[in-house]
Amino acid sequence: MAMVLDNKRFINDVPPQMARNIVRECYPDPYSLEILADKFEVAKIAMQGWLQKLSEIDFLEIEEEDGEAQWCCTPNGYARLVLARYGSPLTAHGFIEQIKKVKARAKEYNDTNRYPYHIDCIYIFGPVLNHFDSLDDPSFAVSFSLKSGISKKGRWYDDYYEEYGPDRNLGILDTLFFPKNEMAEALKRRREHFDVFLQNVKDLSDDWRIVFFEKKLTKKERSRLLNEEDLSELEQHLTHARNMALEERKERRRITASHESILAFWEGEDSFRSLGIDSERAASSCWRCSSQREIQRCHIVPKALGGKDAKENYVLLCKRCHAEAPNVIMPQIMWDWISAYRAHYPNDLWSQVALKEYEFLYGKSLGCDIQMLLEQTDADIDLEEAMALFDLLANEAITQATHHFGQSYFNTATMVGVYRIAMQRLKELFENPETLQLYRGI
């Protein structure tokens, strides 16, 4: 079984929520790059990169339809998606038992003389260590070294294959030549709930604990060691907190207010009508920024402050706006907040916010920057064409940016960075007539 994803770990450099949405969208019907980019409101060049990344790990493949490339989900890709998205996580007891199994497998691996590597230390990491209500399964990082007497530069793997290869499936020669991968398989034994990383744990997480070691630990490392008593205590914490979390989730699932019923309640009220939202789209778009991605119910009065799970206490916001919404006991503040942004940015809030941030950081607007570049160049180009070139360069610059963990969008500061990279590239184009001519022909 695949590891249950925690909405933070990227899937081959693709934001996890975006990866799941793309794969689900492409199953069973294929879609073109243009349609997918438009559907998810992203630049084509960014979508192209994500599609390529997902094809590298066999989530997607390309097929021809009427001479046009169409992206479709592979049967194996969809199966992996379902397992990763909907698979049941371990119980607290099962979680601790997995740790004990991995420790036993590591000792068995080290005691077997056939392997050129030696497992030095195994670390466990992930939100489950600090957020006991997390339903995520464990992740492990392994530190290892070559056994003494084995030359790092020698051809030891030839002898390794000659001695052990004939008894193995010859279809896994690559694994035999790279025993680090074989080590990971020995620890996982396939279809388990955890993942194994053969890299520095500090590259993966700031929160980690040691569960296996065969070396002298430093004082700092000893403070991070989970012994048998610590594991028992962790299991108790997890059991209690996960039971509470599951009860809360069951309570949430009892909510019967659909997006349509929330809209039906509010569409005749002045507070909603003053927003000027098209009623035909209001059930599937954010009432603050107009996005149609990841629309969620948002409590007007938070549940923690006594707010009810009822249609009269909900507005519809995208995931991004939901995270910024006010959490106070006075309902009018929610409507004031939504209304103020709707009045100033009825259709394109986030791009306008990014433009204001750009002006704040660099002391002048993006339009002024482009106008100044035009005044400094000898190229025969007007402002309209310069803006079109800038848009093209901004789409390219998106490939030099990424999302924060858990986000499926570029935040404001990242978009400012994208604009700045595009501005620098535009300046370089104006200084290079031959390259500029190529871009003008696109």
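**View 1. Aspartate 369 and lysine 364 meet through their side chains in a salt bridge (3.4 Å, N to O).** A salt bridge here is a side-chain nitrogen of Lys or Arg within 4 Å of a carboxyl oxygen of Asp or Glu. Bridges with shared partners tie Lys364, Asp369 and Arg420 into one network. Aspartate 369 is buried at 8% relative accessibility, while lysine 364 is partly exposed at 28%. (Buried is under 20% relative accessible area, exposed over 50%, partly exposed in between, using a 1.4 Å probe and protein chains only.)

This is a predicted model: local features need pLDDT of at least 70, side-chain atom pairs count only at pLDDT 80 or more, and totals for chains, interfaces and linings use all residues. Residues are numbered from 1 along each chain as its sequence is written, and side-chain values use heavy atoms, leaving out hydrogens and water.

**View 2. Lysine 39 and glutamate 25 form a salt bridge too (3.6 Å, N to O).** Lysine 39 sits in helix α2 (residues 33–39) and glutamate 25 in helix α1 (residues 16–25), 14 residues apart. (Helices are DSSP runs of H or I, at least four residues, and strands are runs of E, at least two, numbered from the N terminus.)

**View 3. Arginine 293 is buried yet has no salt bridge.** Its nearest oppositely charged side chain, glutamate 294, is 4.7 Å away; Lys and Arg count as positive, Asp and Glu as negative, with His and the chain ends not counted. Arginine 293 lies in the loop between α12 (270–273) and β7 (295–299).

**View 4. Leu366, Ile370, Gln371 and Leu374 in α16 meet Leu383, Ala386, Met387 and Phe390 in α17.** Contact means heavy atoms within 4.5 Å.
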